[in-house]
Amino acid sequence: MKNEDYEKLGPRVKELRIQMDLTQAQVASALNVTPGYISNVENNRTAMSLRVLIYYAKLMHISLDSLIGRIDSDYRGTALDHEIMDVLSTMDEDKKLKLLRTLKIWNE
């Protein structure tokens, strides 16, 4: 990731935490770090380690690809593909057929 991508990580981490209606203390407890560490990450004073990034993505119910892909413009396309495949893997055959028909209409 480029330096400017790291600057986007903190706000993204905060945005996801708020969407999940979690406090910094709750996230810190789940990740076995301090609330101060989460605050520093959200305010771009420190970068998350790879281990914490992985656990954070799991806590937010998103893939690491998705978390990083929304930040790193060079990786966004691949991350989006992975996220789509994750959603597809949870769908039954009927929903997949409906989705396919819809995609074909959009693609015309």
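In what kind of crossing does α2 pass α4, right-handed or left-handed?

Tutor: Helix α2 passes α4 in a right-handed crossing, where right-handed means that the near helix is turned clockwise from the far one by less than a right angle, and left-handed that it is turned anticlockwise by less than a right angle. The axes of these two helices come within 10 Å and cross at roughly 115°; an axis here is a line fitted to C-alpha atoms, for helices over the stretch in contact, and angles run from 0 to 180 degrees between N-to-C directions. From α2, the residues Val27, Ala30 and Leu31 make the contact, and they meet Arg51, Val52, Tyr55, Tyr56 and Leu59 of α4, contact meaning heavy atoms within 4.5 Å. Sorted by class, this contact has seven nonpolar residues, no polar ones and one charged one, where Ala, Val, Leu, Ile, Met, Phe, Trp, Tyr, Cys and Pro count as nonpolar, Asp, Glu, Lys and Arg as charged, and the others, Gly among them, as polar.

Residues are numbered from 1 along each chain as its sequence is written, and side-chain values use heavy atoms, with hydrogens and water left out. The mean pLDDT of the protein is 83, and 83% of its residues reach 70 or more, pLDDT being the predictor's confidence in each residue, from 0 to 100. Among the elements, α2 has the highest mean pLDDT (96), whereas helix α6 (residues 76-88) has the lowest (70). Where pLDDT is low, the predicted coordinates should not be read in detail.

The secondary structure of the protein comes to seven helices and zero strands; helices (H or I, at least four residues) and strands (E, at least two) are DSSP runs, numbered from the N terminus. Of the 108 residues, 28% count as buried, a word that means under 20% relative accessible area, while exposed means over 50% and partly exposed lies in between (1.4 Å probe, protein chains only).

Now let us turn to the other partner of α2. Helix α2 (residues 24-31) and α3 pack with their axes 8 Å apart and at an angle of about 110°. The two helices are therefore roughly perpendicular to each other, the class for angles of 65 to 115 degrees, with angles under 35 counted as roughly parallel, those over 145 as roughly antiparallel and the rest as oblique. As with α4, the crossing in which α2 passes α3 is right-handed. On the α2 side, Gln24, Ala25, Val27, Ala28 and Leu31 take part, and they meet Pro35, Ile38, Ser39 and Glu42 in α3. The residues of this contact divide into six nonpolar, two polar and one charged.

One of these residues, Ser39, lies in helix α3 (residues 35-42), and it counts as buried because its relative accessibility is 18%. Leaving aside neighbours within four places in sequence, Ser39 is in contact with Gln24 and Arg45.

Asp21 is found in the loop between α1 (3-19) and α2, and its phi is near 60°, a positive value in a residue other than glycine. With a relative accessibility of 69%, Asp21 counts as exposed. Thr23 is placed in the loop between α1 and α2, but Thr23 is partly exposed, with a relative accessible area of 39%. The C-alpha atom of Thr23 is separated by 9.8 Å from that of Ile38, which is 15 residues apart from it along the chain.

Arg17, found in helix α1, counts as buried because its relative accessibility is 10%. Not counting residues up to four places away in sequence, Arg17 touches Leu22, Thr23, Gln24, Val27, Glu42, Tyr56 and Met60. The C-alpha atoms of Arg17 and Met60 are separated by 7.5 Å, although the two residues are 43 residues apart along the chain.

Conventions
Predicted model: local features only at pLDDT ≥ 70, side-chain atom pairs only at ≥ 80, totals over all residues.
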